[in-house]
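Hi,

Here is the structure I promised to pass on.

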Amino acid sequence: MTTVTILSTGVTAADVLAVARGTAKVVLDPAATEAMATSRSIVDGIEAAGRPVYGVSTGFGALANTFVAPERRAELQHALIRSHAAGVGAPMPREVVRAMMLLRVRSLALGRSGVRPLVAEALVDLLNHEVTPWVPEHGSLGASGDLAPLAHCALVLLGEGWVLGPAGDRIPAADALRRVGLKPVSLAAKEGLALINGTDGMLGMLLLAVSDARHLFAMADVTAALAIEAMLGSERPFLPELHAIRPHPGQAASAANIHRLLQGSAVMDSHRDDLAHAVQDAYSMRCAPQVAGAARDTLDFVEVVAGRELLSVVDNPVVLPDGRVESTGNFHGAPLGFAADYLAIAAAEVGAIAERRVDRLLDVTRSRELPAFLSPDAGVNSGLMIAQYTAAGIVAENRRLAAPASIDSLPTSGMQEDHVSMGWAATKKLRTVLDNLTSLLAVELLAAVRGLQLRAPLTPSPAGRAALDALGGTIGEPGPDVFLAPLMEAAREVVGGPELRAAVEREIGPLA
């Protein structure tokens, strides 16, 4: 177990992953507590002076010009949380909600939100006691940030709303707090607004997606190399000098991976000087680094955007050190929405080119002497025919999901919020695209391993042997048709997990 310390300067992407997916405990740095206390003193001074300030002494959104009397301002904050917790649908995954809560603590700890330290400490208590709010999937427009999802989190602090049970069920928040010995908090002026204004949900999903995409893009090079090897493709298109003359860094990294993955293979040696096999391979083989490399460069851009957001104050209004309280538009999710849509396009294409290689492996007219559909007894048996159908259907879904969400603004709040980012939708569908990419690479891995088995007695590359070791015990040797879905699920586990990559790297060194 590790500890993540939330500083007055924020947290890192690694911190978010450690809390969202791991068992890390969370603590607030004393400097962050001091920054929040200083910020809160400014809000208390504004209240004492009776100055009209949005979110402190007024209503919200289209009600910004409605004055709220001092004796009703705590009521205002509680009413805000209850009314904004208006989501519907299935619950968001635990890792997304935990990432979102940690990022909200991060935002408060920057000392620009005007909340008492106890509010941030209450969120930390939820994280450390494994109390995960039930956050429905629909509700955020990425307008004033992720209002509805964050309100569902904040409602649990009040002892209201729902919590995600251990079996995925929904239990009352009051019961969950009581079970772990936590008490509800009462909010003061500005604090309800500070709990829900921000990009924490979409940023949390984007950070999780960046981590997943980084792994999957490396695995895409592995499955591509195995498929190329099984199809008796050429390694020459991946020579470093051919990528130095088109200096896209992602392309060079992907080509270098594939070239190294193809070394030490008796399968490759068997046709190295055979002109019939080495003139020009199809684009899905020869251009693998150009597509996967462009996706890597896209991911680098997205990682920069996410890193900037991790340093950002995204609340509204913000409390400045000189005592001013100013309205901002920093909660608008356009930077994250654009980045998520861009990465979804790239990831969809990585999957699409993988499916083309699968189709080629299964086609007896193009697979270079492999049996039809990789079945030794095609006709009575269909081999991997329908696995490719599944891959084709997933490619089609990813193409639909690659349509940008961030251009689909709808006005809300009586036209006060007349342009919204749809960043929540963009990051949520990006995660679906990446999950689909895992399945597509799993089908390619399964087909490539089967193809390499059918090249016996020729021995594959070290990467090929590692893949055979990872899957061979599950899929068995080529033969009569078997129940295919469990084999595809096993391949998904191999692609999504760390073991195959680790085995390959032990043989050939680290992959880029």
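**Notes on the pocket, cavities and helix packing**

The lining of the second largest pocket splits into 2 nonpolar, 5 polar and 5 charged residues; here Ala, Val, Leu, Ile, Met, Phe, Trp, Tyr, Cys and Pro count as nonpolar, Asp, Glu, Lys and Arg as charged, and the others, Gly among them, as polar.

Before the rest, two housekeeping points. This is a predicted model, where local features need pLDDT of at least 70 and side-chain atom pairs count only at pLDDT 80 or more, while totals for chains, interfaces and linings use all residues. Residues are numbered from 1 along each chain as its sequence is written, and side-chain values use heavy atoms, with hydrogens and water left out.

Back to that pocket. Its volume is about 260 Å³, where a volume is the space filled by probe spheres set on grid points, and the points are joined across faces, edges and corners. The search runs on a 1 Å grid over the protein atoms alone: a cavity is a set of points where a 1.4 Å probe fits but cannot get out, a pocket is an open set with protein on both sides within 12 Å along at least five of seven lines, and lining residues have an atom within 4 Å of a point. Around the second largest pocket you'll find Ser-211, Asp-212, His-215, Leu-216, Arg-431, Leu-434, Asp-435, Thr-438, Arg-492, Glu-493, Gly-496 and Gly-497. At least two lining residues come from each of α9 (200–230), α18 (423–454) and α20. Helices (H or I, at least four residues) and strands (E, at least two) are DSSP runs, numbered from the N terminus.

The residues around the largest cavity are Ala-220, Asp-221, Ala-224, Ala-288, Ala-292, Val-350, Ile-353 and Arg-357, which by class makes 6 nonpolar, no polar and 2 charged.

The second largest cavity has about 40 Å³ of space. Its lining consists of Met-100, Met-101, Arg-104, Leu-123, Leu-150, Cys-153, Ala-154 and Leu-195, with α4 (94–109) and α6 (147–157) being the elements that give two or more residues. By class, the lining of the second largest cavity has 7 nonpolar, no polar and 1 charged residues.

On to how the helices pack. α4 and α9 meet at an angle of about 120°, with their axes 8 Å apart; axes are lines fitted to C-alpha atoms, for helices over the stretch in contact, and angles run from 0 to 180 degrees between N-to-C directions. α4 and α9 are therefore oblique to each other (under 35 degrees counts as roughly parallel, over 145 as roughly antiparallel, 65 to 115 as roughly perpendicular and the rest as oblique). On the α4 side the contact (heavy atoms within 4.5 Å) includes Met-100 and Arg-104, and on the α9 side it includes Leu-203 and Leu-207. The contact of α4 with α9 divides into 8 nonpolar, 3 polar and 3 charged residues.

Further along α9, its axis and that of helix α11 (residues 249–261) come within 9 Å and cross at roughly 45°, which makes α9 oblique to α11. Asp-221, Val-222, Ala-224, Ala-225 and Ile-228 of α9 meet Ser-254, Asn-257, Ile-258 and Leu-261 of α11.

Then there's helix α19 (residues 462–475) with helix α20 (residues 485–496), at about 160° and with axes 10 Å apart. That pair is therefore roughly antiparallel. Ala-470, Leu-471, Thr-474 and Ile-475 of α19 touch Leu-487, Ala-490, Ala-491 and Val-494 of α20, giving 7 nonpolar, 1 polar and no charged residues.

Most residues other than glycine have a negative phi, and most peptide bonds are trans. The bond from Asn-316 to Pro-317 is cis, with omega near -10°, and Pro-317 sits in the loop between α15 and β7 (318–319). The bond from Ala-456 to Pro-457 is also cis, with omega near 15°; Pro-457 is in the loop between α18 and α19. Glu-130 has a positive phi, near 60°, and lies in the loop between α5 (117–128) and β4 (136–138).

Cheers
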